[in-house]
Amino acid sequence: MENLDQIDLKILRTLQKNAKLTTKELAEAVNLTPTPVFERQKRLEKQGYIKGYVAVLDPEKLNQSLLVICSVKLKQINKEIANQFMYEINKLPEVIECYNTSGNYDYMLKVRSSDMKHYQEFILNKLGAIENVGAIESTFVMSEVKSSYGINI
């Protein structure tokens with residue numbers, strides 16, 4: 001963050017709240033003219049501070065209301081096995097996030113499904129079929145208390 005000044009941080013904070021702003025609207029929000037804001041935004045993108053822009057969708061309206069936190073322990077682990085597991089996980093559209101973790105489990109997955117039957121099929125036919133998966137523990141989310149896509153800067 002040594003390359004970022006207060007205006008850069010304000011641009012990032014503003015875009016986290018609404019990435020759909022036009023350059024003109026963003027410039028007004030950070031009290032600058034559009035040209036320097038455009039140049040700063042492009043620099044922030046080029047330097048990797050801004051990875052991309054997404055639309056946040058409503059999973060219930062898209063029949064994906066079941067959210068499951070799935071903990072996975074591999075039978076054994078080494079670099080080759082871990083790389084193969086990550087490769088397989090990246091092919092599964094139901095897995096919306098995957099984290100390599102410490103503790104009792106090796107990976108934590110966030111999985112979206114339409115219902116319990118489809119989640120069971122996912123476990124039996126996809127996740128459970130990945131080589132070296134030893135244990136799976138599923139925690140079903142009853143309600144989202146807080147969901148944020150931003151970083152506190």
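Y119, F122 and F140 are linked into a cluster by ring pairs; rings of Phe, Tyr and Trp (its six-membered ring) pair if their centres lie within 6.5 Å. This is a predicted model, in which local features need pLDDT of at least 70 and side-chain atom pairs count only at pLDDT 80 or more, while totals for chains, interfaces and linings use all residues. Residues are numbered from 1 along each chain as its sequence is written, and side-chain values use heavy atoms, with hydrogens and water left out.

**Aromatic pairs**

- The structure holds three aromatic pairs. One of them joins Y119 and F122, with ring centres 6.0 Å apart and planes at 35°, so this pair is tilted (planes under 30 degrees apart count as stacked, over 60 as edge-to-face and the rest as tilted).
- Y119 and F122 sit three residues apart in helix 5, which means about one helical turn separates them. Helices (H or I, at least four residues) and strands (E, at least two) are DSSP runs, numbered from the N terminus.
- Y119 is buried at 3% relative accessibility, and F122 is buried at 3% too (buried means under 20% relative accessible area, exposed over 50%, partly exposed in between, with a 1.4 Å probe and protein chains only).
- Y119 and F140 form an edge-to-face pair, because their planes stand at 80°, with the ring centres 5.6 Å apart. Y119 belongs to helix 5 and F140 to strand 4 (residues 133-140), so this pair ties together parts 21 residues apart in sequence.
- F140 is partly exposed, at 36% relative accessibility.

**Salt bridges around D8**

- The whole structure contains eight salt bridges (a side-chain nitrogen of Lys or Arg within 4 Å of a carboxyl oxygen of Asp or Glu).
- One of them joins D8 and R40, at 2.8 Å from N to O. D8 is in helix 1 (residues 6-17) and R40 in helix 3 (residues 34-46), so the contact ties together parts 32 residues apart in sequence.
- D8 is buried at 1% relative accessibility, and R40 is buried at 18%.
- R43 also forms a salt bridge with D8, with the closest N and O atoms 2.7 Å apart. This pair links helix 3 to helix 1 across 35 residues.
- R43 is partly exposed at 27%.

**The K126–E94 bridge**

- In the salt bridge between K126 and E94, the closest N and O atoms are 2.6 Å apart.
- K126 is partly exposed at 34%, whereas E94 is buried at 17%.
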